[in-house]
Amino acid sequence: MNTPQRIIRVAIKTPLNNLFDYLPPASVSGAINPGVRVLVPFGRAQTVGIVVETADSSAIPTDRLRRIVDVLDTSPVLDKDLMTLLAWAAGYYQQTPGEVYAAALPRLLRDGRQIDALQDVWSSTPSGRDIEIEKLRRRAPRQASALSLLLAHPDGADVDLIERAMGDGWRPIVRTLVDKEWAVCEQRRSVPETILGSNIDSAEETPQLTDDQENAVVAVDQSGHQFAAFLLHGVTGSGKTEVYLQLIEKTLQKQQQALVLAPEIGLTPQLVDRFRRRLDVPLAVLHSGLTDSERLNAWRTARCGSARVVVGTRSAVFAPLESPGIVIVDEEHDTSYKQQEGFRYSARDLAVMRARQQGIPVVLGSATPSLESLHNVNQGRYTQLDLRTRAGGASMPSMRLLDMRREPIDGGLSGSLIGAMRQHLQQSGQVLLFLNRRGFAPVWFCPDCTWAAACARCDARMTLHQSAHQLRCHHCGATRSPEPTCPECDGAPQPVGMGTQRIEETIDRLFPDHALARIDRDSTRRRGSMEHMLEEIRHGDRRILIGTQMLTKGHHFPAVTLVGVIDADQGLFGTDPRSSERLAQLLVQVAGRAGRAKHPGEVLIQTQCPEHPLLNTLIHHGYRDFAKAALREREAAGWPPYTALALLRADSEKESLPPRFLNEARHLAGNIAGITILGPAAAPMPRRAGRFRAQLLIQGDRGPLQSFLSRWTPQLSGLNHARRVRWSLDVDPLELF
Ligand code: ADP
Ligand code: ZN
Ligand code: ZN
């Protein structure tokens with residue numbers, strides 16, 4: 001009797017929504033476990049895949065199945081818990097298994113690199129350490145720089161480190177050092193550089209916790225070794241980070257690891273420094289700025305448990321942990337937790353799911369919790385913990401609306417704001433101005449005929465960048481020179497509206513004696529320029545700060561006493577049901593930058609509509625009341641979090657194709673009780689980078705929506721137009737219109 005061949009089912013990174021069946025390799029007799037990487041034939045090439053499950057039979061006849069070429073790991077690279085999480089995520093978000101499993105692995109592992117591969121590491125020899133660097137520098141400056149780099153890294157320098165310091169062309173120089181026996185190259189398993197030691201020498205005093213902080217720490221700690229979700233709602237500066245630190249310390253005492261997620265923009269060196277000053281354990285950092293081998297190293301130290309604390313952005317929710325004890329999500333409302341392309345997922349929601357599956361507590365912290373999380377509190381799924389006052393005795397800033405219809409205005413600034421700036425500067429405060437629009441002016445406009453410069457490839461206006469004398473499209477990156485005369489009527493176009501560069505110009509004119517720092521994506525493009533400016537701000541060398549969101553998240557400026565919001569109206573009239581939530585969060589977060597230390601802060605908000613109910617609830621009653629009102633509105637309108645949504649997007653260079661595909665998808669769905677399908681409709685920006693975009697919105701209660709999606713989505717790729725458009729499904733989308 002023939003025993004059935006085991007079938008190995010493998011996830012492979014392709015757009016196809018299925019696993020691929022293989023036979024075990026001829027030479028291997030033992031079990032091939034889920035989570036192990038295998039090299040398999042795929043089409044005419046070979047590729048690396050992840051074993052997801054084994055089965056006794058396949059839909060494909062055995063004689064047509066191919067064999068696995070090689071098994072790359074002796075033990076799973078993704079452990080059982082992560083495999084469970086990823087399988088759940090693939091189902092919930094309706095994403096292809098290949099994409100999902102790939103997201104959890106550092107690129108080098110996806111490419112088949114051995115998990116503990118050896119790496120070249122260079123270090124100086126005793127004779128290298130005897131060289132007089134300055135003398136050498138006169139003869140051979142590049143050799144001298146290379147040698148002093150090695151001297152500065154006594155534990156060894158790897159390829160990434162040297163390349164970053166010296167640029168391309170470093171190899172022959174380092175080889176010369178080796179030839180002269182000033183340096184040696186060794187092969188090591190891991191590079192010490194990627195795991196950060198603690199920096200307890202410059203230790204920070206552990207403050208006496210406030211009652212609120214104490215209650216929060218106790219509540220989470222008492223949940224013990226089981227799942228519980230907490231929403232830590234603490235006003236800005238209330239000491240949330242302090243609560244995290246003490247919870248992490250308790251976790252470390254239990255010999256467990258802590259996983260901390262921070263928004264992309266909030267994971268600043270400041271936060272990591274603070275962790276290192278307080279926690280006497282090795283720490284791994286995972287963010288998008290790492291090189292592939294740094295990422296692999298950090299990943300490995302998390303997995304083997306040598307990193308006791310893992311801090312990272314979105315994708316760190318998939319970091320492997322040897323002994324997880326707690327998950328913390330800082331600024332849980334932040335939209336950067338949502339992955340917007342490829343495998344679309346919410347790292348915040350997956351963090352909660354991960355904690356649930358592993359039976360550990362999860363803490364979501366924010367001064368401005370998302371309506372989703374507040375709703376989960378109301379439903380009894382999360383426990384809310386409040387920090388009501390600022391730590392260390394600082395008071396909350398006062399907020400005031402400035403009516404721009406009544407104010408004298410000079411270069412975008414109202415008379416009241418200018419007056420307040422003078423006053424705060426005189427009292428040696430710092431001033432922070434917020435405007436979420438970079439460039440000089442958002443519109444290049446002809447007053448004679450109302451022509452405005454538009455991008456040729458997007459339905460969007462071009463932004464004027466004055467210093468570069470360029471129009472730039474902030475959506476596709478296109479650039480051109482500004483038209484000197486109006487192409488419609490020969491009139492003279494002018495810049496209209498305010499960007500950060502234009503405010504900078506106004507300030508230089510009005511406050512010539514005060515140095516200013518502008519922080520936005522343009523001014524911080526060069527590596528290190530952001531850190532440099534932040535340093536000058538902290539030292540008080542720059543007293544006026546102007547910036548976009550970049551400036552307002554995660555940074556702590558104790559000397560700022562006045563915050564000016566240049567244009568609150570940007571967010572007031574959004575068509576997306578979430579735009580008011582975003583504006584409220586933004587205003588509270590920006591305001592939170594004021595008066596964090598001893599001096600009371602003041603917040604002035606420029607607006608054309610000071611009677612707007614949202615602004616008024618927020619300013620006179622605070623975020624809590626705003627959130628209550630906003631939740632009532634959402635419930636009445638049937639929007640999330642009271643229903644669930646999915647968005648099917650399609651785009652193409654041909655305008656007619658996306659709606660055709662979406663109509664097919666709609667017909668395929670038919671009529672389903674409890675599910676509403678809206679569209680196809682054009683996307684909010686119907687054309688972007690030369691592609692036409694349309695969408696279908698699917699709405700329903702979570703359960704019915706999930707079961708509908710799991711029947712519908714797998715059939716979409718079979719539709720006639722599926723191959724003629726680019727399409728994607730977004731479950732729980734953050735941006736709707
Ligand atoms: P958040 O994370 O809520 O913005 P932080 O944890 O950064 O707040 O705390 C704000 C400031 O207050 C920090 O300088 C911190 O050192 C200080 N701080 C936090 N907790 C206390 C406390 N219990 N007593 C005194 N100062 C504190
Ligand atoms: Zn004109
Ligand atoms: Zn464009």
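**Reading strands and a zinc site**

A: Let us begin with one residue pair in this predicted model: Arg 518 stands opposite Ile 546 in β27. The chain crosses from β26 through helix α17 (residues 529-538) to β27, and this β-α-β crossover is right-handed.

Q: In which sense do strand β26 and β27 pair, and over how many bridges?

A: Strand β26 (residues 516-519) pairs with β27 in the parallel sense, over four bridges. Strand β20 (residues 430-434) also runs parallel to β27 and is joined to β27 by four bridges, with Phe 434 standing opposite Gly 547.

Q: Which residues of strand β27 lie on either side, and are they buried or exposed?

A: In β27 (residues 544-547), Ile 544 and Ile 546 lie on one side, while Leu 545 and Gly 547 lie on the other; all of them are buried, and both faces of the strand are therefore covered.

Q: Turning to the metal, which protein atoms are the donors of the zinc ion (ligand 3)?

A: The donors are the SG atoms of Cys 455, Cys 458, Cys 473 and Cys 476, which lie 2.2 to 2.4 Å from the zinc ion, and along the chain they follow the spacing C-x2-C-x14-C-x2-C.

Q: Why is the arrangement of the four donor atoms called tetrahedral?

A: Four donors count as tetrahedral if all angles lie between 85 and 135 degrees; here the donor atoms around the zinc ion (ligand 3) subtend angles of 103 to 115°, so the arrangement is tetrahedral.

Q: Do Cys 455 and Cys 458 count as buried or exposed?

A: Buried means under 20% relative accessible area, so Cys 455, at 4%, counts as buried, and Cys 458, at 1%, is buried too.

Terms used: Residues numbered from 1 in each chain as written. Chains lettered and ligands numbered in written order. Predicted model: local features only at pLDDT ≥ 70, side-chain atom pairs only at ≥ 80, totals over all residues. Heavy atoms only, no water. Donors = N, O, S within 2.8 Å, 3.2 Å for Na, K, Ca; no water. Tetrahedral: all angles 85-135°; square planar, octahedral: opposite > 155°, others 65-115°. Buried < 20%, exposed > 50% of the residue type's maximum accessible area, 1.4 Å probe, protein only. Helix = DSSP H or I, 4+ residues; strand = E, 2+ residues; numbered from the N terminus. Pairing = 2+ DSSP bridges. Right-handed = clockwise from strand over helix to strand, strands pointing away.
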